[in-house]
Amino acid sequence: MKIVAHISDLHFGTEDLYAGEALIEDLQGLGLSLLIISGDLTQRARKKQFIEAQRYLQKLPQPQLVIPGNHDIPLFDIFRRIFMPLKRFRKYICGNLTPAHNEKGLAVLGLNTARPYKWKNGAISQEQIELIQSHMCSIPDEYFKIVVTHHPFIPPPNDDLAELVDKAQLAVDVIDPCGIDLLLAGHLHHGYTGDIRKHYPSSERTIIVAQAGTAISNRIREEPNSYNVIYIFEDSFEVCVRVFDKKRFSEKKKIKYIYKNGQWQLEG
């Protein structure tokens with residue numbers, strides 16, 4: 001069994017200190033194979049916020065796979081936004097914008113979808129699509145394969161107008177034959193799961209999406225702070241949503257998928 005935690009949208013500069021301490025305590029007891037942080041570590045990409053985020057990540061379990069979000073690119077500092085958008089992220093958080101984690105049975109690839117010319121909304125480039133193909137297609141299908149972005153591939157339930165990552169269809173056309181099992185993202189501060197085939201009918205396989213809410217920011221959007229823990233077994237996996245109740249994080253929801261007849265199927 002592999003245990004992967006997925007946290008997102010920390011937004012240092014607007015962090016809830018109590019949620020932050022509770023998350024540290026909660027993660028330490030899980031026995032993680034990998035901790036994934038899918039962007040927006042800061043609120044305004046300021047040096048102080050990156051330093052605070054760096055110190056915080058040092059308190060969390062290793063190994064970690066971290067990608068930036070749009071808030072990790074300056075908004076109001078136009079010069080820095082255009083000419084050095086992720087310099088501070090590279091310096092204080094991670095110098096690699098396409099991090100990968102490979103261990104027996106598990107392969108994870110992170111992609112930077114933040115773009116200075118879009119700022120809020122994100123995109124996948126042709127180069128990144130080729131990276132998915134070259135890196136993930138070469139990994140045996142026996143591995144559980146995850147691709148991580150900040151911006152989502154599918155909208156929240158009851159909000160089909162939510163902005164999705166640009167060039168998503170082109171990416172799905174590669175993600176599908178490469179045998180990707182799970183897509184992880186954040187950005188919207190809403191936690192939900194779903195099958196991409198509802199939104200990309202051309203896909204021949206079930207590819208599950210698991211979105212994370214905001215882990216520790218006070219910028220909640222009608223949902224409490226939360227994050228996901230993913231338990232990966234040989235022929236099934238579970239997405240467990242852990243929610244902060246102003247004192248501690250605890251499991252509030254579990255979604256289980258079973259591999260049957262060559263497809264991931266929602267249990268029940």
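On a 1 Å grid over the protein atoms alone, a pocket is an open set of points where a 1.4 Å probe fits, with protein on both sides within 12 Å along at least five of seven lines, and its lining residues have an atom within 4 Å of a point. Volume here is the space filled by probe spheres set on the points, which are joined across faces, edges and corners.

You're looking at a predicted model, where local features need pLDDT of at least 70, side-chain atom pairs count only at pLDDT 80 or more, and totals for linings use all residues. Numbering runs from 1 along each chain as its sequence is written, and side-chain values use heavy atoms, without hydrogens or water.

**Stop one.** Select Lys-120, Asn-121, His-187, Leu-188 and Arg-221: of the 17 residues lining the second largest pocket, these lie nearest its centre. That pocket has a volume of about 250 Å³.

**Stop two.** Now pick Asp-141, Glu-142, Tyr-143, Phe-144 and Glu-234, which lie nearest the centre of the largest pocket, among 21 lining residues. Its volume is about 470 Å³.

**Stop three.** Go to helix H1, residues 17-28 (helices are DSSP runs of H or I, at least four residues, and strands are runs of E, at least two, numbered from the N terminus). At its start, a side-chain oxygen of Asp-16 comes within 2.9 Å of the backbone nitrogen of Tyr-18.

Methods: The expected span of a helix is 1.5 Å times one less than its number of residues. A polar contact is a pair of N or O atoms within 3.5 Å; within protein, one must be able to donate a hydrogen and the other to accept it, and residues adjacent in sequence count only if both atoms are side-chain atoms.
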